[in-house]
Amino acid sequence: MSTSTETIEQLANREYKYGFYSDVEAETIPKGLSEDVVRLISQKKNEPEWLLEWRLKAYRLWLTMKEPSWQNVKYDPINYQDIVYYSAPKRKKALNSLDEVDPEVKRTFDKLGIPLEEQKLLAGVAVDAVFDSVSVATTFREKLAGMGIIFMSFSEAVQHHPDLVKKYLGSVVPHTDNFFAALNSAVFSDGSFVYVPKGVRCPMELSTYFRINAKDTGQFERTLIIADEGSYVSYLEGCTAPMRDENQLHAAVVELVAHDDATIKYSTIQNWYPGDKDGKGGIFNFVTKRGLASGRRSKITWTQVETGSAITWKYPGCILQGDGSIGEFYSVATTNNWQQADTGTKMIHLGKNTRSTIVSKGISAGHGQNTYRGLVRIGKNAVNARNYSQCDSLLIGDKCGAHTFPYLEIRNTSARVEHEASTSKIGEDQIFYCRQRGLKTEDAVNMIVSGFCREVFRELPMEFAVEAQKLLSVSLEGSVG
Amino acid sequence: MLEIRNLHVRAEGKEILRGIDLTVNAGEVHAIMGPNGSGKSTLARALSGHPEYEVTAGEALYEGRDLLAMDPDERAREGVFMAFQYPVEIAGVNNSYFLKAALNAKRKHLGQPELDAMEFMTLVQEKAKLLEIDKSMLTRAVNEGFSGGEKKRNEIFQMALLEPKLAILDETDSGLDIDALKLVANGVNAMRSPGRAFIVVTHYQRLLNYIVPDYVHVLSAGKIVRSGGKELAHELEARGYGWIDAA
């Protein structure tokens, strides 16, 4: 056995120790979905009876549901019997050096400025035994545990904190919510679980990035984050590195619950494989994300930078139930080549003096189609609710499209709702101005696009914002000139 | 420095310049005057490589090299600067961030070390003083919400920072009140040097009271119809462009 394989195994074992792969073995079940498959998944994960029942309930409902067709995207019908619903995280064959990595992937790593050691890790190259992220992750978890913060894989939480899981699972996104949420509820694989106790301010950004092979958690991810009274947590999902994945359909569910005076910031960078230049392949990213601001003065902020996937279909929303609660949604979505995105948010105002802010920036290039779809609903008891929405679209080239569908449902006359929208084409005159100052066309476009997205980027944690900016330039590569 | 021979330029399907010959040496200031539609701005834009201006004949040598074969950004990095008649707004892009990117693109091209944030700010403060540039102009987005006068001052400020060899001012005086005009002229005069040449495009003689040219050329219908010293501008002021056309 070579040294490098040993290292990988050490890493794997360490990971196991901290529970990221608590209960899975390297195996896969045959394609297709049935009650037996649901039972098998639950059994393999050693789940309690109530959870199996919950999955089955979702499965039986799913059978009666129709796949939604109202969204502004086009794709061939999905054969749900042609999908493998349970696949333990398999370790890919370790590569010996970065030279063996697909040059295309390597080039993207370089463009993103990812340090060499991290590149190796992301590409599955054997790494040195002392690896920063791993040691950081370890100290990190110990520190969190000391403060009473629970941060672990979902499967692990089912074993160690079943009461919390039972109490909150499905409380924000019930299995009845929609076709893909029902499917996820029946067959979800794994994801993250976070609980921040009363009055605790989580001292660091929680990130799936620290969970090294989190990308293998599979296509049906389930995440649950609970912030108890007066607590604060910022969670980062995803990674700017290109995520290649064999699974075409990703149907994740994320639920957030914020109690009185609690704040949850949830930031996403999504860079799944978008398909090739001709629109072949690519991930279908059909996600249901919702936060319940249940407590008074609670606050939930969604920030997303969506650059990947062939199709993105998601509306991270907030239910503003507590009086004085706040919901925010900041989004950058880019579509290049043949990518399609139908994304936006739902702000449901139920409590008094609730406020919501929506800032959406859509960038379309190539043949990309970008749709903003957002719902603002002011309930009849939501006295003095306020909403501000701003949706801007930027077009690069003349074969792409931008669409905006705002839905407003206002049942209380004291509400103040503002909506602003703009569509602009990236100007030849702007590009020429930058070039006359010595900037190359590509740099000029990046600068103009970054400026366009500034209001969203500044909501991201600093280092994430820098990466997001680079990522944007990679994903728009070749769109001009 | 610049040698233009028989330059013909088309824009929007029309031939606008019909054979321009012009030689500009280092250290000289040339004023290009002429009535509206004579092709003054077309000359400025063609020299900076604007994609909507197509050179159909002739040549332009810049320091002995074929200027017209260079991309607009390469021309800029090689030291050709154009102050825009209508500076463009770029939302969300910080003005000093933009300037730093531009300056470092040029320095990199010339094999000079790029400036870090501290060095850059020191330089900016020095140049900002020269043009009485308000600090808030540096932290705002490029030209966004700038008044007409602020935009033009920002152009000259960029010129001061980028230190071009050949500076082309495209009707920089239009829309400026007398105080702003003096400020801009002072900035330009401070930059006059034996190694640098200016082409000042203007409709009015007024600017030339403050930026005194070595040569004045009068354009009409796409050709230089008269060249002379600074006194030619005064003559034009007194007699109007009609005098040229009639001659």
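Asn46(A) counts as exposed, because 11 C-beta neighbours lie inside 10 Å; a residue is termed exposed if 12 or fewer other C-beta atoms lie within 10 Å of its own, buried if 20 or more do, and partly exposed in between, with C-beta atoms placed from the backbone. The structure is a predicted model, in which local features need pLDDT of at least 70 and side-chain atom pairs count only at pLDDT 80 or more, while totals for chains, interfaces and linings use all residues. Residues are numbered from 1 along each chain as its sequence is written, and chains are lettered from A and ligands numbered from 1 in the order in which they are written.

Asn46(A) is located in the loop between H2 and H3 of chain A; helices (H or I, at least four residues) and strands (E, at least two) are DSSP runs, numbered from the N terminus. The phi of Asn46(A) is near 55°, a positive value in a residue other than glycine. Most residues other than glycine have a negative phi. A positive phi, of about 60°, is also found at Asn143(B), which is not a glycine. Asn143(B) belongs to the loop between strand E8 (141–142) and helix H6 (148–162) of chain B. With 22 C-beta neighbours inside 10 Å, Asn143(B) therefore counts as buried.

Axes are lines fitted to C-alpha atoms, for helices over the stretch in contact, and angles run from 0 to 180 degrees between N-to-C directions. From H2(A), Glu35(A), Val38(A), Arg39(A) and Ser42(A) meet Leu51(A), Leu52(A), Arg55(A), Leu56(A) and Tyr59(A) of H3(A); two residues are in contact if their C-beta atoms, placed from the backbone, lie within 7 Å. This contact comprises five nonpolar, one polar and three charged residues, where Ala, Val, Leu, Ile, Met, Phe, Trp, Tyr, Cys and Pro count as nonpolar, Asp, Glu, Lys and Arg as charged, and the others, Gly among them, as polar.

H2 and H3 also take part in the surroundings of helix H9 of chain A, whose buried residues pack against H2, H3, strand E4 (222–227), strand E7 (253–258) and strand E9 (284–293). H9(A) (residues 179–187) is mostly covered, with eight of its nine residues buried. Among them are Phe180(A), Leu183(A), Asn184(A) and Val187(A). Over chain A, 51% of the 481 residues count as buried, and the secondary structure comes to twelve helices and 19 strands. Of the contacts in chain A between residues at least 6 apart in sequence, 84% join residues at least 24 apart.

Pro274(A) lies in the loop between strand E8 (263–270) and E9 of chain A. Pro274(A) counts as buried because 27 C-beta neighbours lie inside 10 Å. Beyond its neighbours within four places in sequence, Pro274(A) is in contact with Gly282(A), Gly308(A), Ser309(A), Ala310(A), Asn337(A) and Gln339(A).

In chain B, an open sheet of six strands has mixed pairing and the order E6-E9-E10-E3-E11-E12; two strands pair if DSSP finds at least two bridges between them. Strands E6 (80–83) and E12 (223–228) of chain B form the edges, each pairing on one side only. Neighbouring strands of this sheet are turned by 20° against each other on average, direction ignored. Within the sheet, E3 (residues 29–33) and E11 (residues 215–220) of chain B are joined in the parallel sense over four bridges, and Met33(B) has Val218(B) as its bridge partner in E11(B). Strands E1 (residues 2–11) and E2 (residues 14–24) of chain B pair in the antiparallel sense over eight bridges, with Leu2(B) opposite Val24(B) of E2(B). The hairpin of E1(B) and E2(B) has two residues between the strands, and Glu12(B) takes a positive phi near 50° there.

Between the chains, 16 residues of chain A are in contact with 20 residues of chain B. On the chain A side, helix H10 (428–436) and helix H11 (441–457) are the elements that give two or more residues. H10(A) gives the most, with seven residues.
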